[in-house]
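Morning, everyone. Please bring the model up on your screens. I'll walk you through it in a few minutes.

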Amino acid sequence: MSANFIKHGGIIDFAAPRAVNSGDGALLATGLFGVALGKFNNGAAGEFALRGVYDLTKKATDAPAAGAVVYWDDTNHYVTVTSTSNTKIGFVERAAANGDATCRVVLNGTV
């Protein structure tokens with residue numbers, strides 16, 4: 001192990017961009033999406049997962065197929081299949097139907 005190793009990068013400490021609850025998605029910085037691992041106030045430091053598989057709130061009328069690329073709508077705080085003005089966050093692990101509240105997302109963990 002390198003003497004300057006801190007930790008694996010799948011979970012980072014970052015200032016919450018808004019008040020979040022555990023499991024909420026959040027756009028942390030331009031192109032950087034994470035899932036809150038606790039409840040954090042706006043601006044408070046907290047742990048966010050950049051990788052992993054999570055059930056996240058989705059746009060109710062979207063029906064993404066398994067493997068569909070999904071994006072984060074930071075205005076409405078949900079996953080969508082609409083790329084315009086949104087941030088790519090990963091892909092859908094299993095299909096979700098129109099009307100489903102969530103979809104299972106594999107986070108891409110990249111900026």
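One term before we start. A contact here means heavy atoms within 4.5 Å. Residues 24 or more positions apart account for 45% of them. And keep in mind that this is a predicted model.

Next, the overall build. What does the secondary structure come to? It comes to 0 helices and 9 strands. Read from the N terminus, the elements run β-β-β-β-β-β-β-β-β.

Now the dimensions. The chain has 111 residues, and a compact globule of that length would have a radius of gyration near 13 Å. The chain has 14 Å, so the two values agree. Along the principal axes, the C-alpha atoms fill a box of roughly 50 × 30 × 25 Å.

How much is buried? Buried residues make up 38% of the 111, and the cut-off for buried is under 20% relative accessible area. As for the surface, the chain exposes about 6,100 Å². Carbon and sulfur atoms supply 52% of that area.

On to the sheet. In general, strands of a sheet pair through backbone hydrogen bonds, either parallel or antiparallel. Which is it here? The pairing is antiparallel. There are 4 strands in this open sheet, and the order is E1-E4-E3-E2. At the edges sit E1, residues 11-15, and E2, residues 25-29. Each of these edge strands pairs on one side only. On average, neighbouring strands of this sheet are turned by 55° against each other, direction ignored.

Let's zoom in on one pairing. E2 meets E3, residues 32-36, in the antiparallel sense over 4 bridges. Look at glycine 25. Its bridge partner in E3 is valine 35.

Last topic: backbone angles. Most residues other than glycine have a negative phi. Two residues here are worth a look.

Start with histidine 77. Its phi is positive, near 60°. Where is histidine 77? In the loop between E6, residues 69-73, and E7, residues 78-80. Histidine 77 counts as partly exposed because its relative accessibility is 30%.

Then serine 85. Phi of serine 85 is also positive, near 65°. Serine 85 lies in the loop between E7 and E8, the latter spanning 87-92. Is serine 85 buried or exposed? It is exposed, because its relative accessible area is 76%, and the cut-off for exposed is over 50%.

That's the tour. Over to you for questions.

Key: Residues are numbered from 1 along each chain as its sequence is written. This is a predicted model: local features need pLDDT of at least 70, side-chain atom pairs count only at pLDDT 80 or more; totals for chains, interfaces and linings use all residues. Side-chain values use heavy atoms; hydrogens and water are left out. Two strands pair if DSSP finds at least two bridges between them. Helices (H or I, at least four residues) and strands (E, at least two) are DSSP runs, numbered from the N terminus. Axes are lines fitted to C-alpha atoms, for helices over the stretch in contact, and angles run from 0 to 180 degrees between N-to-C directions. Buried means under 20% relative accessible area, exposed over 50%, partly exposed in between (1.4 Å probe, protein chains only). The radius of gyration is taken over C-alpha atoms; the globule rule is 2.2 Å times the number of residues to the power 0.38. Accessible areas come from the Shrake-Rupley method with a 1.4 Å probe; for residues, only the protein chains shown count as cover.
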